[in-house]
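Subject: Structure handover

Hello,

I am passing on the structure we spoke about. Please open it alongside this email and follow the residue names as you read.

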Amino acid sequence: MLIGEVARRSGVSARMLRHYESLGLVRPSGRTGTNYREYADEDIRRIFHIESLRSLGLSLREVGRALDDPGFAPSALVEDLVRQTRERIAAETELLTRLRRIGAAEPAAWDDVLQAVAFLQALRSHSPDARQRAALASVDEVPVPVEALVEAVLAETEPNVAGALRWALARTGDGGTALLAEGLDSPVAAVRERAVLSLAALPGEGAADRLRDALGHPDAVVRGHAALALGTRGTAAAVPELLDMIVAGMRDTDAADALSVLAADTAAADRIAGGLLARLSDGATPAPARVRLTQALADIPGATASDALVELARDEDRAVAVTAAYLLRFRETR
C-alpha cells in the first residue's frame, strides 16, 4: 500500500507519516520499483498504535519507547499522565474561574480588565499586607469580582486581612450572600466560622435571613455568631440561642450584652427576664451557669428582672445569692 492510500485510510497525513519515518517510529516494509514507499498491514497497525498512544497525551519520544523498549513500564507512564492531566485541568479551571469573575465585574474598558487581573493576583499573594491593600483598594479602584472576595474571605487566616475583606464585601451589597451561605456547609469548621462572620458584616435583609437560618445550624460556633449578629440587629429570634450561650459559657458576656440590646421595651425585657429565670429554675442547669444567668439579669430593665434578683438574693447557692445582692445594689445606684 502506497503512502497516499495509507494516509487516506489512517487519517494521518502523508507529511506526518514522513515525519514518523524520520524519527524511526514507522519504517515502510518495502519500496516499489519506482522507489515509492510501500506499507504492509503490520506497518498500518503500528501507525494506529502510534495514534492511539498520542491520543493519551504521550509525546512522540514516549510513543517510541512504549512500542520498542521491552523494559518499558506502562503503569509508571500512565500515572505520570494522570498527574499531568490533573495539573492541566486545575490550571484551565483556574483560568476559567478568573475569566468568569472578570466578566462578572462587567469591565467597561481594558484598563478595568487589567485592574481586575491585578486585583485577583493580589488576593492570591503570599503577603498579608498585599492582600489587605487589595481588599481596601478594591471598592474605589477596581471592578470587584464578588466571587473572588468570597473565596478570599473564606480562606483568609490573618485577622486584619479578613476584616478588610469583610469590609470590602459589605461595600458590594448583598451579592455574596448566597455564596457565603454555601460556606456554612463546609466540612471545615474554620471556613464555617469565616462564612458566618462575613454574613454578619453584610447589610440588608438577605444576610439577616441567612443568619436566621444559621440559628438552626448544627455547629454551635455558627449558631453563636449568628445569634450575636442578630441580637445587635434587634432580632428577637436570637434570644433562645443567646440564653444557650450563657448556660454553655460560650461568649456569655457578649450574649448578655446582646440580650440587653434586645430588651428595648417593657414587653421584650419581661420576656427575656422570664427566659433567664426559666433557665435558672431548670434543675439540670449547673451552678456556674446559674451565676452567669444571674449576671445577665443586670442589664435587663423592668420589674420582672428586679423581682427575680430580689428572689435570687435569697438563693441556696451562695454564689448566686451574693451576685444577685450586688446587682440589686448596683441597679439602685443607677
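Predicted model: local features only at pLDDT ≥ 70, side-chain atom pairs only at ≥ 80, totals over all residues.

The whole chain

The chain contains 19 helices and two strands. Its radius of gyration is 35 Å, while the globule rule gives 20 Å for 334 residues, so the chain is more spread out than a compact globule. The C-alpha trace spans about 120 × 50 × 30 Å along its principal axes.

Of the 334 residues, 39% count as buried. The accessible surface of the chain is about 18,200 Å², and 53% of that surface belongs to carbon and sulfur atoms. If you take the contacts with a separation of 6 or more, residues 24 or more positions apart account for 52% of them.

One pair of residues gives an idea of the distances within the chain. Gly-4 and Val-146 are 142 residues apart along the chain, and their C-alpha atoms are separated by 57 Å. Gly-4 belongs to helix α1, which covers residues 3-10. With a relative accessibility of 44%, Gly-4 is partly exposed.

Helices α2 and α3

Helix α2 covers residues 14-22 and helix α3 covers residues 41-55. They pack at an angle of about 95 degrees, and their axes are 12 Å apart. Angles of 65 to 115 degrees count as roughly perpendicular, and α2 and α3 are therefore roughly perpendicular to each other. On the α2 side the contact is made by Met-16, Leu-17 and Tyr-20, and on the α3 side by Ile-47, Ile-50, Glu-51 and Arg-54. Five of these contact residues are nonpolar, none is polar and two are charged.

Tyr-20 is worth a look by itself. This residue lies in helix α2. Is Tyr-20 buried or exposed? Its relative accessible area is 0%, so Tyr-20 is buried. Leaving aside neighbours within four places in sequence, Tyr-20 is in contact with Val-12, Leu-25, Val-26, Ile-50, Glu-51, Arg-54 and Leu-60. Three of those names, Ile-50, Glu-51 and Arg-54, also belong to the α3 side of the helix contact.

Helix α7

Ala-130 is in helix α7, which covers residues 128-141. Its relative accessibility is 17%, and the cut-off for buried is under 20%, so Ala-130 counts as buried. Setting aside neighbours within four places in sequence, Ala-130 is in contact with Ala-122 and Ser-125. Ala-130 and Val-161 are 31 residues apart along the chain, and their C-alpha atoms are separated by 9.2 Å.

Helices α14 to α19

Which helices do the buried residues of α17 pack against? They pack against α14 (239-248), α15 (252-262), α16 (266-281), α18 (303-312) and α19 (318-333). Helix α17 itself covers residues 287-296, and its buried residues are Ala-289, Arg-290, Val-291, Leu-293, Thr-294 and Ala-296.

Two of those partners, α16 and α18, also meet each other. Their axes come within 8 Å and cross at roughly 25 degrees. Angles under 35 degrees count as roughly parallel, and α16 and α18 are therefore roughly parallel to each other. Asp-270, Ala-273, Gly-274, Leu-277 and Leu-280 of α16 meet Thr-304, Ala-305, Ala-308 and Leu-312 of α18. The residues of this contact divide into six nonpolar, two polar and one charged.

Val-310 is also found in helix α18. Its relative accessible area is 38%, and Val-310 is partly exposed. Val-310 and Leu-327 are 17 residues apart in sequence, and the distance between them is 9.6 Å, C-alpha to C-alpha.

Arg-251 is partly exposed, with a relative accessible area of 41%.

Regards

Conventions:
Residues numbered from 1 in each chain as written. Heavy atoms only, no water. Axes fitted to C-alpha atoms, helices over the stretch in contact; angles between N-to-C directions. Helix = DSSP H or I, 4+ residues; strand = E, 2+ residues; numbered from the N terminus. Parallel < 35°, antiparallel > 145°, perpendicular 65-115°, else oblique. Contact = heavy atoms within 4.5 Å. Nonpolar A, V, L, I, M, F, W, Y, C, P; charged D, E, K, R; others polar. Rg over C-alpha atoms; globule rule 2.2 N^0.38 Å. Buried < 20%, exposed > 50% of the residue type's maximum accessible area, 1.4 Å probe, protein only. Areas by Shrake-Rupley, 256 points an atom, 1.4 Å probe, with all protein chains shown as cover.
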